[in-house]
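Good morning. Please look at the chain on the screen while I go through its fold and a few of its charged side chains.

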Amino acid sequence: MPEQTAARDPRSLFDIDDRLADLMDQLAETAADGQAPPEELIEQINDYIEAFHAKVDRIAGYLRWQESIASICATEAERLSARKKAAEGRVSRLKNMLQHFMLSRGLKRLEGERAAIGLQPNSAASLVVDDPLRIGECFFERPIAFTKTELQELVHQLPAGDLRSRLEALLPTDGWQINGSAVRAAIANGAGIEGARLVKGHHIRIR
């Protein structure tokens, strides 16, 4: 006959632990009175200890099972992420080659028997920085950290002092980044920004 699976204990680990604590208190009270513990009490304690161990084993087994599933999924996710990155790289390289091929020959469309490849202009122009040194300093920014005390001093516009000297010392240091959105908006609004331009590129579309 096939081996029968043990019936699942409906009690939670916390229920068993609480009941076991009550039984152990009863055992302590009996011992304090100098009496021998009843056989029924000993049997109940043994039953709950056995149930406690079984419940712990089940929980530990479930945790190990879930951890193994998580580990397998993480490994698979890394593998799929690497494959995704490689596939995206191949797509990007092939599209760049197609774009160069079609632009160099003045082609807007390549026709196949079941598909067509089109070269379409981008809806938005890309910002190209040719010479960052020629872009006005008002378009450069960088994150600067202040303490609350320093910020309060700035808010109250204190006169020149140590804090002002420290802030002024930051101006010629490295770390400033061009605010591309501000430069793009300025050029779009007709401002003559030297060292940068908007270029409307193209993209490949498969039909």
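Before the first pair, a definition: a helix here is a DSSP run of at least four residues marked H or I, and helices are numbered from the N terminus. Helix 2 covers residues 39-104. Keep in mind that this is a predicted model.

Now the first pair. K84 and E88 join their side chains in a salt bridge, at 2.6 Å from N to O. Why can these two be set about one helical turn apart? Because K84 and E88 are 4 residues apart in helix 2. As for E88, its relative accessibility is 42%. Buried would mean under 20% and exposed over 50%, so a value in between is called partly exposed. E88 is therefore partly exposed.

In general, side chains of opposite charge can pair when their charged atoms come close.

The second pair is D130 with R197. Their side chains form a salt bridge, with 2.6 Å between N and O. D130 sits in the loop between strand 3 (126-129) and strand 4 (140-141), while R197 is in strand 6 (residues 196-199), so this pair ties together parts that are 67 residues apart in sequence. D130 is partly exposed at 48% relative accessibility, and R197 is partly exposed at 40%.

E194 belongs to the loop between helix 5 (180-188) and strand 6, and R134 to the loop between strand 3 and strand 4, so the pair ties together parts 60 residues apart in sequence. E194 has a relative accessibility of 48% and counts as partly exposed. R134 is partly exposed too, with a relative accessible area of 49%.

How many salt bridges are there by this rule? The count comes to 5, and I have described some of them.

Let me step back to the chain as a whole. It has 5 helices and 7 strands. In sequence order, the pattern reads α-α-β-β-β-β-α-α-β-α-β-β.

Next, contacts. Take those between residues at least 6 apart in sequence: 67% of them join residues at least 24 apart.

Last, the surface. Of the 207 residues in the chain, 13% are buried. The chain exposes about 16500 Å², and carbon and sulfur atoms supply 55% of that area.

That is the end of my part. Thank you.

Notes. Residues numbered from 1 in each chain as written. Predicted model: local features only at pLDDT ≥ 70, side-chain atom pairs only at ≥ 80, totals over all residues. Heavy atoms only, no water. Buried < 20%, exposed > 50% of the residue type's maximum accessible area, 1.4 Å probe, protein only. Contact = heavy atoms within 4.5 Å. Areas by Shrake-Rupley, 256 points an atom, 1.4 Å probe, with all protein chains shown as cover. Salt bridge = Lys/Arg side-chain N within 4 Å of Asp/Glu carboxyl O.
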